[in-house]
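Here is a short briefing to read alongside the model.

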Amino acid sequence: MSLCFSSNLCTINSARHQSFSIRFSSQFIKLLQVSPFPHALPSSSLNLSEPFKFSKKRIKPIAASTPTQAIETTPSAFRNKNPKDINILVVGSTGYIGKFVVTELVKRGFNVIAIAREKSGIRGKSDKEETLAQLHGAKVCFSDVAHLDTLETSVNDLGVSIDVVVSCLASRGGGVKDSWKIDYEATKNSLLAGRKYGASHFVLLSAICVQKPLLEFQRAKLKFEAELMKEAEDDDGFTYSIVRPTAFFKSLGGQVELVKHGKPYVMFGDGKLCACKPISESDLASFIADCVLSEDKINKVLPIGGPGKALTPLEQGEMLFRLLGREPKFLKVPIGIMDFAIGVLDFLVKIFPSMEDAAEFGKIGRYYAAESMLILDPETGEYNAEKTPSYGNDTLEEFFAKVLREGMAGQELGEQTIL
């Protein structure tokens with residue numbers, strides 16, 4: 001049994017909790033910064049002649065919406081209501097972006113119902129009181145999105161209809177089973193429960209990288225996206241907005257304190273293998289909140305980045321050293337090291353199936369080391385910074401400067417470091 005709270009008041013409801021796990025890329029980078037490779041890579045009898053493939057293969061992008069893709073629909077009636085009368089169910093409310101989305105929706109005057117686990121946050125460190133404080137202004141309902149029956153009971157016990165569901169759910173680290181459990185099944189449970197109790201609009205936080213799906217969590221997200229679109233095709237009274245953001249500020253901040261203390265900035269290849277237009281959590285939350293009422297965002301896939309030009313890892317590193325007033329000091333790591341590690345892990349998985357997630361984490365690290373978080377142009381098959389929309393005012397340089405002053409305390413990505 002669990003509780004559903006509004007400020008300091010509570011009513012009986014139901015729930016369970018889930019656990020978090022994993023780290024990969026930030027630890028790998030720290031290892032490189034502390035101990036540059038003293039020896040050549042060992043030779044191997046493994047068949048590694050065909051490395052893990054990403055950017056070499058031409059792949060048809062899964063593109064964002066164009067006018068011809070939009071489904072004609074009549075705007076749902078809730079858009080005519082006063083915001084205080086619009087009930088928004090937020091799942092993934094205690095996650096990295098979810099907390100900012102709840103805050104933004106509350107600020108705009110909506111009646112926000114935040115679904116949370118009894119033990120939430122990184123590795124379940126936050127108890128109910130901490131969760132209530134984090135989600136101040138929302139009605140907090142402790143439940144379990146991983147179990148449809150539990151979630152439906154919780155929503156039923158609220159005693160109100162739902163107008164909009166906003167999903168900020170994301171798998172803990174991208175592991176195979178966890179990806180399907182959260183990015184697909186739990187997100188679908190949120191759709192089913194929301195629809196059962198009246199929801200006519202669904203705002204989904206997805207990811208821009210699903211346009212080139214080579215990883216399990218990307219495939220899980222795409223399967224749900226397809227079912228969400230089908231729901232709108234079958235019901236003219238239902239709409240959706242799929243938000244695909246680029247890189248987050250925090251995911252690019254893992255090296256700031258290390259560099260501040262004299263370590264080199266680690267990058268793969270020449271530092272120009274990939275680029276992104278990073279967006280802050282508050283700007284992204286604002287964009288997601290826009291999707292609740294903006295009719296121009298109905299039934300569309302919406303890629304979104306932050307303001308300014310796209311930045312490569314090399315440019316991010318140069319920016320950081322400029323803020324520190326130091327000459328740049330880079331450690332350039334051959335991307336082949338990642339391919340070697342993935343080859344070893346793939347070989348070991350055949351012997352030890354329990355290592356499946358470790359192999360997937362390696363592939364995720366490789367993906368983000370080489371693939372840009374920008375629009376993948378369907379005509380050219382290349383990433384295009386100019387076609388990647390910008391939104392907001394916060395810049396990565398401002399974020400780096402703040403971290404140099406105040407550190408990353410309270411801004412940890414936890415189990416989603418790799419993402």
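Leaving aside its neighbours within four places in sequence, with which residues is L105 in contact? The residues are I88, V90, F110, V112, V166, A289 and V292, where contact means heavy atoms within 4.5 Å. Please keep in mind that this is a predicted model, in which local features need pLDDT of at least 70, side-chain atom pairs count only at pLDDT 80 or more, and totals for chains, interfaces and linings use all residues. Residues are numbered from 1 along each chain as its sequence is written, and side-chain values use heavy atoms, with hydrogens and water left out.

**Nonpolar cores**

- The largest nonpolar core holds 35 residues; such a core is a set of buried Ala, Val, Leu, Ile, Met, Phe, Trp, Tyr and Cys residues joined through side-chain atoms within 4.5 Å.
- Buried means under 20% relative accessible area, exposed over 50%, and partly exposed in between, with a 1.4 Å probe and protein chains only.
- I88, L105, V166, L284 and I288 have the most contacts inside this core.
- Among the elements that each supply at least two of its residues are strand 3 (87-91), helix 2 (98-107) and strand 6 (164-167); helices (H or I, at least four residues) and strands (E, at least two) are DSSP runs, numbered from the N terminus.
- Helix 8 gives the most to this core, with 7 residues.
- A second, separate core has 29 residues, including L89, F202, F238 and Y240.

**The surroundings of T246**

- T246 sits in the loop between strand 8 (239-245) and helix 7 (256-260), and it is buried, with a relative accessible area of 5%.
- A polar atom of the T246 side chain lies 2.5 Å from the backbone oxygen of K277.
- Leaving aside neighbours within four places in sequence, T246 also has I208, P278, I304, M373 and T388 among its contacts.

**Aromatic pairs**

- There are 9 aromatic pairs, counted when rings of Phe, Tyr and Trp (its six-membered ring) have centres within 6.5 Å; planes under 30 degrees apart are stacked, over 60 edge-to-face and the rest tilted.
- The rings of F202 and F224 are tilted, because their planes stand at 50 degrees, with centres 5.6 Å apart.
- This pair links distant parts of the chain, with F202 in strand 7 and F224 in helix 6 (residues 216-234), 22 residues apart.
- Both F202 and F224 are buried.
- F399 and F400 form another tilted pair, at 6.3 Å centre to centre and 45 degrees between the planes.
- Together with F249, these two form one aromatic cluster.

Note on methods
A polar contact is a pair of N or O atoms within 3.5 Å; within protein, one must be able to donate a hydrogen and the other to accept it, and residues adjacent in sequence count only if both atoms are side-chain atoms.
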